[in-house]
Amino acid sequence: MNEKRKLEKVAARFDGAATPPGEVERLIAADPECAAHLDMLRLLREGAEAARQAPRIEDAQFPAFMAGIREGIAAAEAAPVRVPFWRRGFWQLASACTAALIAAFSLFWMVAEGPAPAAATVEDAWTEVEGATVDWYDSKTGVTTVWVTMHEEDLW
Amino acid sequence: MKRPALAAAALAATLIAAQVAAADSQRPVTIALWAVQASTEGREEPHFDRGLAEIREAVADLSFDTYRALKTGRERLAIGQERRIPLNQTYALRLNALSRERDGRIRLEVRVEMQPPEPGSRVVNVISTRIMLAPGKKITIGGARLEQGELVVVLEARD
């Protein structure tokens, strides 16, 4: 018996047709294809049964059904919408913050006196007088002094 | 306000700030100067000529007891401007306002020039120094021989 014929016999038996006693059972036991075909037929039948039993909205129920839908829409509209932060004017806020920071920094730059500068800083000091030396120091009163030390023979 | 407007406002603020800062850095500087002959005459109390009271503290550490005025006054200099100020027949002071810093300090080049007695001889820089001076603060420069004493110059930057 070819495979197609076997499957037809399984299907016929599944649909309640008369088949020789024990024949289909033997086919199912001996051939996995037949067993799988039977399982598939059962599954189809169960699905069709479930679809047939799905609830239907009768004409009398339709107004209530629509009222429920309308209530759901109204409730969704009334609920606060959660918009992600990057869609809530994030770039406008970032631009404003940046502008404020730049303006504040510029203002600070213009008016700030900065750290209290030292009274005086000597960057360099020298002399052209041969044999003389130049030094600088901060006095006890905080006044910077630049001093050239000359020898008698330096004079003319 | 939209983004382009905010960006334009920020840019304008930055440009204005930079302009103000640049203008401030080019503001002329005023330097007060006191040039004195400092000597030791054996006084119990230091003597200061009239007009030298302001330098008492600046020269407090020096060992002289007599301070005689050679030249006092104020010099207003543009940034980059150099000025020669004769102090007496031998010495002259040269001031060059190099720059005004953002913290208000003034960078100065100061030279004490000595004119040799022989005509035609080259001027000698007895002291050449570059300093940064904060407004209202003094610096003392000295040590050059001057007759029986020494030359002392006190400078103060005035804002």
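Is Cys97(A) buried, exposed or partly exposed, and at what relative accessibility? At 43% relative accessibility, Cys97(A) counts as partly exposed, where buried means under 20% relative accessible area, exposed over 50%, and partly exposed in between (1.4 Å probe, protein chains only).

This is a predicted model, in which local features need pLDDT of at least 70 and side-chain atom pairs count only at pLDDT 80 or more, whereas totals for chains, interfaces and linings use all residues. Residues are numbered from 1 along each chain as its sequence is written, chains are lettered from A and ligands numbered from 1 in the order in which they are written, and side-chain values use heavy atoms, leaving out hydrogens and water.

**View 1. Cysteines of chain A.** Cys34(A) is buried, with a relative accessible area of 0%. Over all chains the count of disulfides (pairs of cysteine sulfur atoms within 2.5 Å) comes to zero.

**View 2. A nonpolar surface patch on chain A.** Ile57(A), Phe62(A), Phe65(A), Ile69(A) and Ile73(A) make a nonpolar patch of about 440 Å². Its members are residues with over 30% relative accessible area and no salt bridge, nonpolar side chains being joined within 5 Å; a salt bridge is a side-chain nitrogen of Lys or Arg within 4 Å of a carboxyl oxygen of Asp or Glu, and areas come from the Shrake-Rupley method with a 1.4 Å probe. Phe62(A), partly exposed at 43% relative accessibility, lies in helix 4 (residues 62-78) of chain A, helices being DSSP runs of H or I with at least four residues.

**View 3. Strand pairing in chain B.** Strand 1 (residues 29-39) and strand 9 (residues 149-158) of chain B run antiparallel and are joined by nine bridges, strands being DSSP runs of E with at least two residues. Val36(B) has Val152(B), in strand 9 of chain B, as its bridge partner.

How values were computed:
Patches are made of residues with over 30% relative accessible area and no salt bridge: like charges are joined within 9 Å, nonpolar side chains (Val, Leu, Ile, Met, Phe, Trp, Tyr) within 5 Å. Two strands pair if DSSP finds at least two bridges between them.
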